[in-house]
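Reader: I am new to this structure and would like to learn how to read it. Could you take me through it feature by feature?

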Amino acid sequence: MRAFRFIIPVMLIVGVFSWMMLNKSHQDVPETSRVWITIGAVIVSGIISYFLFPKDEGKRS
């Protein structure tokens with residue numbers, strides 16, 4: 001359940017913003033490279049958010 005609540009939205013937000021920034025500021029980079037950079041950013045943000053967000057939201061010790 002943790003993946004649907006935190007990780008997936010973070011990955012989508014990072015993907016959208018990275019694509020927007022690459023299209024706006026770095027138009028000289030080829031489009032295939034921009035796609036690979038965006039995919040890498042999405043994967044890295046998913047891995048980081050997996051370890052940073054709590055596993056059980058309801059349990060607090």
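Reader: How many of the residues of the protein chain count as buried?

Author: Buried means under 20% relative accessible area, exposed means over 50%, and partly exposed is in between, with a 1.4 Å probe and protein chains only as cover. Here 18% of the 61 residues of the protein chain count as buried. Please keep in mind that this is a predicted model, where local features need pLDDT of at least 70, side-chain atom pairs count only at pLDDT 80 or more, and totals for chains, interfaces and linings use all residues. Residues are numbered from 1 along each chain as its sequence is written, and side-chain values use heavy atoms, leaving out hydrogens and water.

Reader: How many helices and strands does the protein chain have?

Author: Both are DSSP runs numbered from the N terminus: helices are H or I with at least four residues, strands are E with at least two. This chain has 2 helices and 0 strands. Helix H2 covers residues 31-52, and helix H1 covers residues 2-25.

Reader: What is Ser49 in contact with, leaving aside its neighbours within four places in sequence?

Author: Contact means heavy atoms within 4.5 Å. Ser49, in helix H2, is in contact with Ile7 and Val10 once those neighbours are set aside. Ser49 counts as buried because its relative accessible area is 4%. Its side chain also reaches the backbone oxygen of Gly46 at 3.1 Å. For such a polar contact, a pair of N or O atoms must lie within 3.5 Å; within protein, one must be able to donate a hydrogen and the other to accept it, and residues adjacent in sequence count only if both atoms are side-chain atoms.

Reader: And which residues does Thr38 touch, not counting those up to four places away in sequence?

Author: Thr38 is another residue of helix H2, and it touches Gly15, Ser18, Trp19 and Leu22. With a relative accessibility of 11%, Thr38 is buried. Gly40 lies in helix H2 and is partly exposed at 30%. For the whole chain, 59% of the contacts with a separation of 6 or more are between residues 24 or more positions apart.

Reader: How many aromatic pairs does a search of the whole structure find?

Author: A pair of aromatic rings is described by the distance of the centres and the angle of the planes. Rings of Phe, Tyr and Trp (its six-membered ring) pair if their centres lie within 6.5 Å; planes under 30 degrees apart count as stacked, over 60 as edge-to-face and the rest as tilted. The search finds 2 pairs. Phe6 and Phe53 are stacked because their ring centres are 4.7 Å apart and their planes are at 15°. This pair links distant parts of the chain, 47 residues apart, with Phe6 in helix H1 and Phe53 in the segment after H2. Tyr50 and Phe51 form an edge-to-face pair, at 5.1 Å centre to centre and 80° between the planes.

Reader: Are Tyr50 and Phe51 buried or exposed?

Author: Tyr50 is partly exposed at 39% relative accessibility, whereas Phe51 is exposed at 64%.
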